[in-house]
Amino acid sequence: MTWTSGLASAWAFLTGRGNGDSKVRTLVSNLLYEDPKAKDHPNRNYAGNGVKTTKYSIWTFIPMNLLEQFHRIANVYFLGLAVLNFIPVVNAFQPQVAIIPICVILALTAIKDAWEDFRRYQSDRQLNSMPCLVYSRSQRSFVEKRWKDVRVGDFVQVLSNEIIPADILLLHTSNPNGVCYMETANLDGETNLKQKKVVAGFSRLNTPFEPRNFKSTVVCEKPNNNLNNFNGFLEKDKEKRGFDNESLLLRGCTVRNTAHASGIVVYAGHETKSMLNNDRPRYKRSKLERKMNKDVFLCVLLLFCMCLIGATGHVYWLETFPSIPIYFIPESDGSFISPLRAGIYVFFTMIILLQVMIPISLYLSIELVKIGQVFFITQDLDMYDEEKDSRVQCRALNITEDLGQIQYVFSDKTGTLTENKMVFRRCTIMGTEFPHEDNATRLAILAGETDQDEEVIYQQNRQLSVFSLEELQEGPAGGRQHFYNTFARSRFHRPRVIAGTPGILAFSSPLETEVLPDQTLLQLVEDAECGRKNAHYLEFFLALAICNTVVVSTKAAQRQRAKARRSSSYSKSSRDCMEGLLSRVASLGKLFKRKRSTFSEPFQMEPMDFPVLDIPRFYGSTEPAWTGRNLSVIEDVCYEVQSPDEAALVHAAKAYGVTLKERTPDHVTVQLPQGTLVKFDVLDILAFDSTRRRMSIIVRHPETNEIVMYTKGADSGIMGRLQNSFEDKSHLKSESRNIACKIQKDLDTYACDGLRTLCITRKVVSEEAYRNWLVVRQEAMSAIEKKEELLMDSAAYIENNLTLLGATGIEDRLQENVPETIQALREAGIQVWVLTGDKLETAVNIAYSCKLLDHNDLVFTFKMTNKDVCRSMLNGTLSEMPRYQGEMPRIGLVIDGQTLGMLLDNDLQAQFLQLCQHSHSVLCCRATPLQKGKVVTLLRDRLKVMTLAIGDGANDVNMIQAADVGVGISGQEGMQAVMASDFAISRFKHLKKLLLVHGHSCYTRLANMIIYFFYKNVAYVNLLFWYQFFCGFSGTAMIDYWFMIFFNLLFTSTPPIMFGIMDREVSAHMLLHLPELYKRGQHAGGYCRKTFWIAIIDAFYQSLVCFFVPYWTYKDSDVGIFSLGTPMNTVSLFTILLHLAIEIKSWTVVHWVIMVGSVLMFFIVTLAFSALCISCNPPSDPYWIMQQQMKDPVFYMVCILTTVVALLPRFTLHALRGTLVPCDHLKARQIDQLPPDHRDKWLREWRSLKDLCSSYPSLSSSTRKRSTAAAVHNAA
């Protein structure tokens, strides 16, 4: 035990916070105690509900803010110099003047921090004063209180559409089924409703809730930030009732579709899960900043050397005197300072004099530049998504330049590369495959119309849905014409969105919700309901309808999407759009007319004897009255889903007449095709998790009273748990295996077609087996430690001997321009990895579709279960690499999850990394979230490369946080990825411009600005250093200190900031069409040790010119010290600003205004200061010196001549480099200046050349270079 932990334990003991078991929280009702702060009250030490997010108070602001600012070493450095200047023997300037720069910087930062903290204070006050209903012991009813007055153990009632004030354990709701619906949009961005339920067995239905009768003790886990996990139990008379996250209402969420909900507060204030997750944006240091800090250290060493030279020179100068000069001032005792001691004093004086070598304003300027860069990124309309009404978010303001240095991109697949809009395409039931070709044709026609903008409307009456199945299946032509007219009216005259309505209902576009059924399968389902035969077909769709977490909303809150036309320059006219739509509808009508005979004829299937599966018959054998017209959207149901897969499956079941009508914690109601309502009692739900890869629901069948478990999941989580024997029915064993084999073949076909697959199973559980399992399950539910492990073991125990019903194939389409984006990233030298949880075949198909893999690539597939085999294949693959020598083919790697786990082991990491460096692209399938994070961390740390991870879901958070730059996509799976990211976009295609344009520009601008800053300060401070050779290294300055302050704070501060924000080396158009230009940032071409030292050497040269030309001009004259320093100061300003003018690539009005304004400000301030400063710095004062200089023609000649000589080498170097060895960026600028038609022609030729080179990988690089040079010459 450390001394800190000992102190913590002692403090807990003294304050009464030590309650034995540190892993649980025990609380009781506050109604049992009159005084909530009584010493014997168990809840007295828990945090209150008031929140305080401010960092300072009125009394602590100054000391705490200063302490925070002095965490920066640069501020400590400049403060130390200011203090050092107060020592008389070493001071170089007036002490009061020396502290001005550091005071200005500290004051500006303090004002910014104070304003931010004041805004936090206002937000806290507003939040803490919000009203809520808390049960009063004295009034015996719920009374209104403020949020900050709520305490742990209070009973709180939340009404519909109210925000939950604290984390509340749900004990009662107005819903007769004990259900409360909660919207978590304020917490995680998800707009779909979450269903919460009362603690199992606590309250009886339809009985009022009386908090005074609550005598139980609540035992739950300590406060933590895990939003998806909550464990505990209610204990009364040694009886325990377990509860989990399904019974917890979270602070900040909103109650919906429930009149009121009541419960006891378990966490309050800063201990609530939402507050524990309310982290500030992570501070990351960019790669450029880390390099800059090293160069700052080099400048410190250079400053030390210059000061050492000054100290040594001063000692040498003193020793040259044969006797002590009369102008030397003795000490108080009459003695004189020894030369060595004087040299030490001069060393510190020189540090004060030359302190500008370390720029005090550099860090502040960098922050301002990054703010400007972030502004331009977020205002880019090309990255604005109208459908989601979202733009780019920059959550980490200090790593914008890292976007220009990315070498590896790690991407998720589902929702990142694909739309995450799941469309039911086909299914296989008991070995018979149903391709749904008519639905596929309909989807192909519909696809073009689903990309329009969508709005949410609340409505009581159903409107005609786009391409409704009911209208599409009308027979007469007149009916179809009536549909065309009705459709056109509904399309272009929808109501506008109602103000104040909640967010968009996820997964509800026509592509996702409407399915055109296969007529043969439809007839089989009808026959199954009538009890004639084929009951397994109906069971299959029953499983789709009930084995999910879909919430059925009430009719009053039904949400559906409506198409909305937005006024945009890119929109078609109403007439053109109408004609296009009607032509599509006409094509669809012809399709149905052509297919009518097909619909009426039965599908010829192979005769097949299915095994007898003990599946009940449903409600008699009458002929069905239900027809295809009943497939239209039912008015009184609206589905709230968290997963797009579940939405597709529920709507597919609905298309076959099996409609989910109601879901409560205790039962699920399903409407069958003939309209019969079937109510299943829900016994338990085994939720889906990424480890099991499946979900189960256990119900009691209403007709047979059997306990039935329906399970759905990935084939990897299902196939190994199928029924292996049938006991007495041994003759069915081979048939069951045949069915499983046929379904497996269909699954492989689906995967090869790029479809997502799910297996559907059924199992009848005996009463005794269920009772025995229930005991184990309840023990796991009541556990607090290792609860997740116990629950998983209990689920695995019952999820075996499953009977396979069939499987589904769901399509998830690629997002727009994904192939083009990946190709552009690869041309930019970025290696793209895709890390997905999908099965291998599905992922490979998508990889080829999005051009991650090419058919010309040499693809190695690693899918094995033995580590020795994996090692052998890895070594064998690496041994083949030397064969190719200079003609290395493009290599692709495909790795499954199990093999990836072996490759990440320590003994195989080196070979794995070596192979990855030879690979053009890598695809990892069946990867877990933990593996994704490990892969990113491994390559980032071992290969020392810049990494970017992009994803849209909670399973991508690990890799997003592990990467140097994390990008979240605000998709349909919530905002977890966005909340963990540094940047957020709405489409994968936006990554192209984010990196190739903004990333390249941010890196280039900031790198050039930092180099210029170092140059500027070294060039200016060296003027003072050269003067020391002529003043005995005494630390004297020939420039007034006020001018030195103004030089950096006023005259030359704005141009570098403008340079870092607005300079444009190459246009965005050229950067997008020539991704190769991005490679310079990957190799630190804009900022490296070479460019740094070139800038320093150039600064030394220019400072020599700016000093010695005026010195030689006024050498034999009688001018004063400031009369010599003023021309030096002036020519230094002109040289530094014109140096920047040479570096600026694109001039705008802003550039001209700032550059000219800086010069004008210099002369105005200098003239005013010279006129007003009569005795500012006695005995030498700058009074009227500038006015006298400007009357002298020599002054103007010195300014012109010195500036030309100082800048001539740099200008000549730029001219020769641009003429003899032009870089790629200069060539791109030359091409960009051509007329648009010539420029586009050159770009087309360049694209054709690149396509030719990619088609023939053996084409040598020299050939490509010669072709490129010829193309540039012809264009010029």
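Predicted model: local features only at pLDDT ≥ 70, side-chain atom pairs only at ≥ 80, totals over all residues.
Buried is under 20% relative accessible area, exposed over 50% and partly exposed in between (1.4 Å probe, protein chains only).

Ground rules for my notes: numbering starts from 1 along each chain as its sequence is written, and side-chain values use heavy atoms, with hydrogens and water left out. Local features need pLDDT of at least 70 and side-chain atom pairs count only at pLDDT 80 or more, while totals for chains, interfaces and linings use all residues. Helices (H or I, at least four residues) and strands (E, at least two) are DSSP runs numbered from the N terminus.

Next I looked up Leu354. Apart from neighbours within four places in sequence, Leu354 contacts (heavy atoms within 4.5 Å) Leu303, Met306, Val1021, Leu1024 and Phe1025.

Then came Asp412, which an unreviewed UniProt entry annotates as "active site"; such annotations may be inferred rather than shown by experiment. I found Asp412 in the loop between strand E15 (408-411) and strand E16 (418-429). Asp412 counts as buried because its relative accessibility is 3%. Its side chain joins that of Lys932 in a polar contact of 3.3 Å. For that term I need N or O atoms within 3.5 Å, one able to donate a hydrogen and the other to accept it within protein; residues adjacent in sequence count only if both atoms are side-chain atoms.

I checked another aspartate, Asp684, in strand E24 (residues 677-689). At 16% relative accessibility, Asp684 is buried too, and its side chain makes a polar contact with that of Arg777 (3.4 Å).

Last, the sheet: 9 strands form an open, mixed sheet in the order E14-E35-E34-E33-E15-E29-E32-E31-E30. Strands pair if DSSP finds at least two bridges between them. Strand E14 (393-394) and strand E30 (858-862) each have a single partner strand, so one side of each lacks a neighbour in the sheet. Strands E34 (residues 965-969) and E35 (residues 983-985) pair in the parallel sense over 3 bridges, and Ile969 has Ile985 in E35 as its bridge partner.
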